[in-house]
Amino acid sequence: MRKPKIVILGAGYGGLLTTVRLQKLIGVNEADIVLVNKNDYHYETTWLHEASAGTLHHDKVRYDISAVIDRSKVNFIQDTVVEINKDEKKVILEKGEVEYDYLVIALGGEPETFGIKGLKEFAFGITNVNSSRQLREHIEYQFATYNMEEVKDDNRLSIVVGGAGFTGIEFLGELTNRIPELCHEYDVDQNKVKITCVEAAPTVLPGFDPELVNYAVSQLERKGVEFLIGTAIKEATSEGILVAKGDQEPWEIKAGTVVWAAGVRGNAIIEKSGFEAMRGRVKVQPDLRIPGFDDVFVIGDSSLIINEEINRPYPPTAQIAMQQGEVVARNIASLIRNKQQLETFKFDNKGTVCSLGEDDAIGVVFGKKITGSKAAFMKKVVDNRALYMIGGASLVLKKGKLNMF
Ligand code: FAD
């Protein structure tokens with residue numbers, strides 16, 4: 001009898017967790033498992049703000065996929081997904097194609113630029129290892145060039161971060177720790193460096209506890225960040241950005257570096273393949289399948305689940321992607337064993353910790369508010385836990401954040 005073929009697209013938090021759980025749950029005679037990913041490594045997306053600021057080397061945020069998958073059970077294909085042909089049940093890759101009986105789409109998200117002019121061309125993103133490396137090197141280049149010029153251009157040392165959500169704030173925390181080191185390395189007067197965070201919403205970290213938000217803002221302001229809240233970026237140019245508050249006339253902030261950290265949408269492959277989506281995210285059924293497609297699951301940043309308590313979608317997080325990965329693995333195991341009753345996904349919010357640099361953070365863990373070094377410690381626990389869930393203790397020893405105190 002022909003074995004069913006399970007194809008998992010993307011080896012991020014959701015896809016890799018699905019794979020390692022499936023390789024334990026399913027025998028080699030029951031199904032073939034195929035994992036497709038652009039790179040031969042997995043990266044910790046939740047650590048990219050560190051690689052982008054230069055406080056952590058980019059090699060520390062990634063590890064080989066082969067280190068965690070069982071090659072006797074999983075066929076790993078390093079390739080880029082181009083499109084999913086759902087009628088013929090096959091995935092078109094850049095260098096070939098692969099057929100599936102069950103498909104898990106775990107391709108992550110993409111920056112949402114809301115059509116703002118110039119962002120794609122002139123702003124840096126914090127989206128993967130390559131973009132983080134490019135951003136870090138660009139900032140270093142600006143510092144290295146500053147003293148080389150006869151007429152010094154202070155705008156080189158002006159950095160604008162668009163977005164005061166999780167990614168923007170975590171990046172600012174690392175950046176403000178890195179700036180004194182950069183100034184020392186490149187003989188630059190720290191007073192010349194300007195860091196501005198522009199946020200269109202009326203508050204920093206929307207949805208976070210206001211007391212913790214105040215703590216985060218005052219810590220970052222103390223380290224030199226100027227916040228422009230309720231202010232929208234209208235355009236990015238080669239010289240900086242144009243911003244406006246309400247109906248006011250836009251004004252310019254000159255900057256040598258503009259970082260866009262203000263929104264996530266689903267992977268473009270979703271819409272390109274003709275699946276119904278909201279900003280590229282598929283509103284999945286409680287069993288995580290796409291309505292009308294009994295053999296296709298979507299998890300992680302490309303999926304959308306409504307938080308019934310507030311009737312709004314859960315924000316896309318690694319925490320939710322990994323919990324979805326666990327459920328999808330069990331549901332696929334049920335399907336190949338002809339059990340039609342599938343598990344319903346229910347998000348178990350274990351809390352959130354937002355770092356403000358290596359030594360500081362804010363968070364709500366098991367319903368308790370924490371700040372400072374206690375929260376920074378918890379952040380490392382969370383980071384190590386993600387490694388443990390995918391690669392066990394050996395991965396934590398190899399890649400974990402073990403300088404806990
Ligand atoms: P990802 O982990 O992004 O993985 C997607 C994978 O698909 C990648 O390996 C990618 O290379 C691959 N891929 C993409 N396109 C293709 C293609 N066409 N072909 C082949 N492969 C492809 N969440 C939290 O829970 N806590 C945090 O503290 C937190 N901090 C964050 C900090 C930063 C700086 C950022 C950027 C995000 C943070 N998040 C956090 C959000 C979290 O990282 C994402 O929600 C999570 O990574 C989503 O997981 P995923 O499995 O959907 O996708």
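A residue is classed as buried if 20 or more other C-beta atoms, placed from the backbone, lie within 10 Å of its own, as exposed if 12 or fewer do, and as partly exposed in between. The structure described here is a predicted model, in which local features need pLDDT of at least 70 and side-chain atom pairs count only at pLDDT 80 or more, whereas totals for chains, interfaces and linings use all residues. Residues are numbered from 1 along each chain as its sequence is written.

Lys-283 is partly exposed, because 15 other C-beta atoms lie within 10 Å. Lys-283 belongs to strand β20 (residues 282-283), strands being DSSP runs of E of at least two residues and helices runs of H or I of at least four, numbered from the N terminus. Neighbours within four places in sequence aside, Lys-283 is in contact with Met-278 and Leu-304, contact requiring C-beta atoms, placed from the backbone, within 7 Å. Between Lys-283 and Ser-302, which are 19 residues apart in sequence, the C-alpha to C-alpha distance is 9.0 Å.

Helix α9 (residues 372-399) packs against α1 at an angle of about 35 degrees, the axes being 9 Å apart; axes are lines fitted to C-alpha atoms, for helices over the stretch in contact, and angles run from 0 to 180 degrees between N-to-C directions. To this contact α1 contributes Tyr-13, Leu-16, Leu-17 and Val-20, and α9 contributes Ala-386, Met-389 and Ile-390.

The shell around the ligand receives at least two residues from each of α1 (13-25), β2 (32-37), α2 (48-53), α5 (166-185) and α8 (318-336).

Note on methods: Contact = placed C-beta atoms within 7 Å.
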